[in-house]
Amino acid sequence: MSTRQFGAPVQRREDPRLVTGNGRYLDDLGHTAYECAFLRSPHAHARIVDIDIADAFEVDGVVAIYLHEDLPGAVGEPLPLLIPHPALIAPRTGYCLAKDEVNHVGEAVVMVVARDRYVAEDAVARIQVEWSPLPAVVGLERAREAAHLVHEEAAGNISAHLLQSVGDVDAALASAPHRLTLDLSIERSACMPMEGKGVYARWDAQDEKLRIYSSTQTSTGVRAAVAAKLGLPLAKVECIAPDIGGGFGAKIMHPWPEEVLIPWAARLLGHDVKWTEDRREHFISSSHERGQLQQVEVGFDDEGRILALDVKFWHDNGSYTPYGIIVPIITSTQLLGPYKPRSYRVEFWSMYTNTVLVTPYRGAGRPQGCFAMERTMDAIAAQLGIDRAEVRSRNFILPQEMPYDHGLMFQDGRPLKYDSGDFPASLAKLKALVGWDDFAAYREQAAAEGRRVGLGIGCYVEGTGVGPYEGGHIQVETNGRVNVATGLTTQGQGHQTILAQIVADELGVPLDDVHVTTGDTRRMAYAVGTFASRGAVMSGNAVALAARVVRAKALRIAAEALEVSADDLDIADGIISVKGAPDTRIALSTVAVLSNPLRYAFDESAKAATQFAGTFDPDKPPIADDEEPGLEGQDFYSPTQATFANGMHAAIVETDPVTAEITILRYCVIHDCGMMVNPMIVEGQVHGGVAQGVGGALYERMFYDESGQLMNASFMDFLIPYASEVPHVETDHLETPSPLNPLGIKGAGEAGTIPVTAVIASAIEDAEGFPIRSMPINPSELWALRREHSQASATKESAP
């Protein structure tokens, strides 16, 4: 009997190759390619008056220099609006190279192609641009003031406006026994993958075929976009994602200008061309996220149950909206978490600013929504003097209420309907793990030692596995090797391990026989991509379905060869045998031979499939009418809706009474992603997510000055937590299977990040005794808040 792989903590198969320096990243490719550099705008907002490239052409080794006016046809048109939405009232996308005007520092204006990157950079330095600066709109406050506009056609700097509501919010607020209003803010941040973006393109003039290598989260998307822009048949374009050093959302945006320009130049010049993003480019020309201003009004009863929730927020989408309004839509819907307010209204405005565009970053709008909801929960608890965990419990959706329809539309255009979850059980696990009921005693002991500590909590629900589909293709070779292909790309999630585990179980073969390929359009032409915690849900179920197709075919062929019924057969360790009579058997590799009738024998195993081997019925065609040669199969998984994972986090922090330094003493996570394919990989995803969440809560922010200059666009100034700042993460898991897919799984990729900001704010507030309304927070800001609170308290006490 094969050892069951699904649910086993199998070590990642990718790691030996990657940690020994044998990875194959974008910049490891194309050593003889021409390389590119870009002149990028030094202004946040300006008109381009003139560009002089004469001196740049004098640099030895320069091959070509391109401006917008050099870009033909669709290449020179605006980049696509990837996700249209009726609420996008003034969508704008940029150009591959800026036309007439730039709208953020870092926007590409001129592309230089040279024999290497050094020459290209030298040439860029010689290009002279005459600018006519325009007023820059920086920050949501100035965007809302609309004294100046980012785009003339976007009145009030508003790109989108959306309102969703359930119930009579105004009436419920008016009649609520208690009401609170909160003004909240989260600052702009960005992901920092170890490897930035990169593109390498090769044009085969004889075959008129283009091959693109891109550090992307969607190879099929890049392929389709480039084919459209360059006017090439889709069949003549291939896109391959090599090893990718992190994505976190920035690389799901496509096509980036460089993903169009590099293939275009390779085709035009008849030579391989490559570009690799440097770190400053990533800061100023990739994508950011998180920035929002929020207003929450909540009405609740004496028990802390929410009767009405009215939320307004303003989302900073930067200078363009190529990814639509997915991030604020997710904020507006996932804000509700595990709770059921009786009435809910949410309204948001997505605002243009002269800053880098915004696309999803791990969590994708959920951290902002979780922050708003969890700050509200803590405020209700404080107002009523009720335990914070108890207030949450009283507002939970209960297991018996699943599936629970919130009456809203989610980011996939489908109802926001939770499929499963047991929130009370998760809370009970969290309280036991962190020692919730014993914390008061710990606080007293710490106070006696002159220490200040606080306990924070945060709950969330995450829509995962959004459609429309993913596919899987499986082929069994005549030596027993099982080749698995799926179209999504891999940036460190362990896909080669978990997908192999699923297929090994479904086919009944040893894990070592299964080999997985991802992100290669030559192997899987139809796919969507890796984002929204969808890899395991979508491709996991797709390869499971494909494996079932192959298994059924294998059993049919084996049944004919063994002269038994297929229903009497089973597969284990790559051997098909009769149930109860294991000596009546045939190897899966032999079935693979028999599945492909041959005229020619290329090796010993192939002899069994030739026409004189005596293994076929002469009265039947070698291939049945409803069959295909080869032991292989393909299937697609397309869900009716997202499946909803959930979790709860708690943290104990210490704030220094003198310096206001913030230290995380403990961090605890309860996570429910349905049935876990590989608990070790889930654990790693949670740990990595918490690390990024800690960065977002305490360190990482994009600091723009009034003119739109990013003042901390380097690792000298942009703070990222080291291992010394990331706490040990204590975890426990709940597995409530999703009823929506064959494997019962939900996504896990973003879970660790979502509630961290809310949890840390809750813990600091508990330690300090005054509200925390803005994140991230650093010691200087906490020290200033202490001073404000102290002065306010003194003024209140001295008042008559």
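A residue counts as exposed when its relative accessible area is over 50%, as buried when that area is under 20%, and as partly exposed in between. With that in hand, let's take a friendly walk through this predicted model.

**Two backbone angles to look at**

E563 has a relative accessibility of 73%, so this residue counts as exposed. You will find E563 in the loop that runs between helix 14 (535–562) and strand 22 (569–572). Its phi angle is near 60°, a positive value in a residue other than glycine.

A364 also has a positive phi, near 50°, and is likewise a residue other than glycine. A364 sits in the loop between strand 15 (344–351) and helix 9. At 6% relative accessibility, A364 counts as buried.

**Two cis peptide bonds**

While you are checking the backbone, look at two prolines. M402 and P403 are joined by a cis peptide bond with omega of about -5°, and P403 lies in the loop between helix 10 (388–394) and strand 16 (404–409). The bond from M775 to P776 is cis too, with omega near 0°. P776 belongs to the loop between strand 29 (774–775) and helix 18 (779–798).

| Residue | Relative accessibility | Class |
|---|---|---|
| K251 | 2% | buried |
| V119 | 8% | buried |
| D27 | 39% | partly exposed |

K251 is placed in the loop between strand 11 (237–240) and helix 6 (257–269). Its side chain makes a polar contact with the side chain of S215, at 2.8 Å. Beyond residues up to four places away in sequence, K251 touches a list of partners including P193, E195, G196, K197, T216 and I244.

V119 is part of helix 2 (residues 117–126). Leaving out residues up to four places away in sequence, V119 touches V59, D60, G61, V62 and A114. A205 is 86 residues from V119 along the chain, and their C-alpha atoms are separated by 26 Å.

D27 belongs to the loop between helix 1 (15–19) and strand 1 (34–40). Apart from neighbours within four places in sequence, D27 is in contact with K274 and T276. With K274 there is a polar contact from side chain to side chain, at 3.1 Å. V49 is 22 residues from D27 in sequence, yet the C-alpha atoms of this pair are 35 Å apart in space.

**Two helix pairs**

Now for how some of the helices pack. Helix 8 (residues 326–334) and helix 9 (residues 366–384) meet at an angle of about 30°, and their axes are 7 Å apart. The two are therefore roughly parallel to each other, and helix 8 passes helix 9 in a right-handed crossing. On the helix 8 side, V327, I330, T331 and Q334 meet R366, Q368 and G369 of helix 9. By class, this contact has 2 nonpolar, 4 polar and 1 charged residues.

Which way do helix 16 and helix 17 lie, and who makes the contact? Helix 16 (residues 679–698) packs against helix 17 (residues 756–768) at an angle of about 55°, with axes 8 Å apart. That makes helix 16 oblique to helix 17, and helix 16 passes helix 17 in a right-handed crossing. V690, G693, V694, G696, A697 and L698 of helix 16 contact V756, T757, I760 and I764 of helix 17. By class, the contact of helix 16 with helix 17 has 7 nonpolar, 3 polar and no charged residues.

Notes: Residues are numbered from 1 along each chain as its sequence is written. This is a predicted model: local features need pLDDT of at least 70, side-chain atom pairs count only at pLDDT 80 or more; totals for chains, interfaces and linings use all residues. Side-chain values use heavy atoms; hydrogens and water are left out. Axes are lines fitted to C-alpha atoms, for helices over the stretch in contact, and angles run from 0 to 180 degrees between N-to-C directions. Helices (H or I, at least four residues) and strands (E, at least two) are DSSP runs, numbered from the N terminus. Angles under 35 degrees count as roughly parallel, over 145 as roughly antiparallel, 65 to 115 as roughly perpendicular and the rest as oblique. A crossing is left-handed if the near helix is turned anticlockwise from the far one by less than a right angle, and right-handed if clockwise. Contact means heavy atoms within 4.5 Å. Ala, Val, Leu, Ile, Met, Phe, Trp, Tyr, Cys and Pro count as nonpolar, Asp, Glu, Lys and Arg as charged, and the others, Gly among them, as polar. Buried means under 20% relative accessible area, exposed over 50%, partly exposed in between (1.4 Å probe, protein chains only). A polar contact is a pair of N or O atoms within 3.5 Å; within protein, one must be able to donate a hydrogen and the other to accept it, and residues adjacent in sequence count only if both atoms are side-chain atoms.
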